[in-house]
Amino acid sequence: MVSGVKHVLIAAAYLGGVLAKRHHGKVGSLVAPVGAEVLTVGVIGDYGWTGWTPAPDHFCLEVLPALKAANITIPSEVQNDCDPGDKSYITNATALQTDTASYVGQVCSMKNCSAFISVGDNFYDSGVDFTTGGILRFQAAWVDMYSQGVFDYAPWYQCLGNHDVVKGQSGVDFETKVAPLYDDRWYFGTTGSPYYSYDLKGKDWTATFVVVDSDCFLSKYQKNTSVYYNEYTQKCHKDNNVQVEFLKEEFEKSKADWKFLQLHHPYISSSGNNTDLQPLIEIVEKHNGIVLNGHDHCLAHYEYNNTNYVLSGAAGYPQAGDCNNGIKTGPYAKFLAANAETAPSGFVTMDISKKSVNVEYYVRDMQYLNNDLYPVPHDLKPLYSFEITQHSK
C-alpha cells in the first residue's frame, strides 16, 4: 500500500509530466539554449503577490492580541498574513505584478530573453506549500501569470527569499521538489536542495551561477520573535557553512568567464546592509564575481570593493524607501531607481557574451490617474546600463 505522502508525490510527478508534455513536449526541467554568441537573460525578483488573501482585520486587530494574551501559540504564517503594510499593499501589488509581468514580456520579446534569473520572494506573504491553497497560489501567481509569449519557453532559475520560507520545511520542499514537476520552466537544480549551481554556455564563453539561500545566514531570523524562525531556518543557519563551502568549491572548480552569486538578501543596500553574508561575499570578491540580489523593492546598482551588485527587486510592489527615495547613500550607489515620492516597477536584463556582461535596467513608466509619479519617456529602452568587461578568476 502506498503511503499518503508518497501517493501525493506520485500524483505531483504525474501532474508535472502531463503539464510538461502539454506545454513543451517533454518531461524534465527546461534549460537555457547553448551556443549563442550573446545570450540575454532577465533578472527578476520580489514579484509573487497574486492570489494572496490576507487575514481579516477583525482577526488581526482584535482576536490576535487576545490569543497572545492567552499564551496561545500562533503560527508564523498567520502572524505574517496580518502584516499591516502588506495588507495595505495587496490590491495595488496584485495589479502591479500583472502590469509588470506584461511589461517584462514586452521587453523580453524585443530582446529575445532566453531565461529568467529569480532573486526570490516568489510568493507573498507567507509562501506556498503542498496544500490545495498552495497549488492554487502557484498556479495563479506564477504558472498563469508568466505563461505567454517569451514566458512560455524560457526556464526560470529559482532562488528562495524570506517570504518563501515562512512555512518552514514544507514551503521549501514545495518550491524545490514539487514545483519543478508541476511546471518544467521552474528550475531548482537537480538535487531538490535550496542551494545549487548551473552554467549558461555560449559559443565561446561560460557563465557559472551559484544559488544560495541567504535566509540561512541572517542572525535576526534566529530570534523566536521573528516570523522566519522555524525548524528550517534554525537547521540551515546552524549548517550554513555548508553553503559557504559549496560556493567556494563551485567557484574554484569553474573555469567560466563569468561567475555569479545569486541570492535574495543584499550585502550592500540603501536601506540596510546584511553583514552576516560576508563569508559569501569574500569568496565572490576573490573570484571577481558578480552579485545578483533582490529583497529591496526597487532597482539599483552598487559597486563595492571592485564588485558589482545588481538589485532587481521591483517586479511586484516597489518601495522608494528601499532605494532611500533616490538619495544615494555612500560612495557605492551608482544608480537608484526612486525619487522623493515613489519607486517604479521593473527588472534587469543581462546580455552575456565572451567580451562582456551588459547590464540594462528597464524601468516601467508609472502613471496613475493622469499623475506620472516616475516619468520614463521611453520605457522600452533601458533607463540605466553598465558593462562588465573584466572576466572572473
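Two strands pair if DSSP finds at least two bridges between them. In this predicted model, strand E5 (residues 196-201) and E6 are joined by six bridges and run antiparallel.

Strand E6 covers residues 206-211. Five of its six residues are buried, so the strand is largely enclosed by the rest of the structure. The link between E5 and E6 is a hairpin of four residues. E6 also pairs with strand E7 (residues 258-262): five bridges join them, and the two run parallel. Here alanine 207 stands opposite tryptophan 258 in E7.

| Partner of E6 | Bridges | Direction |
|---|---|---|
| E5 (residues 196-201) | six bridges | antiparallel |
| E7 (residues 258-262) | five bridges | parallel |

**Aspartate 204 in the loop**

Which residue has its place in the loop between E5 and E6? Aspartate 204 is located there. Its relative accessibility is 44%, so aspartate 204 counts as partly exposed, a class that lies between under 20% for buried and over 50% for exposed.

Leaving aside neighbours within four places in sequence, aspartate 204 is in contact with Asp257 and Lys354. Aspartate 204 can also be placed relative to valine 38: these two residues are 166 residues apart in sequence, while their C-alpha atoms are 9.7 Å apart in space.

How values were computed:
Residues numbered from 1 in each chain as written. Predicted model: local features only at pLDDT ≥ 70, side-chain atom pairs only at ≥ 80, totals over all residues. Heavy atoms only, no water. Buried < 20%, exposed > 50% of the residue type's maximum accessible area, 1.4 Å probe, protein only. Contact = heavy atoms within 4.5 Å.
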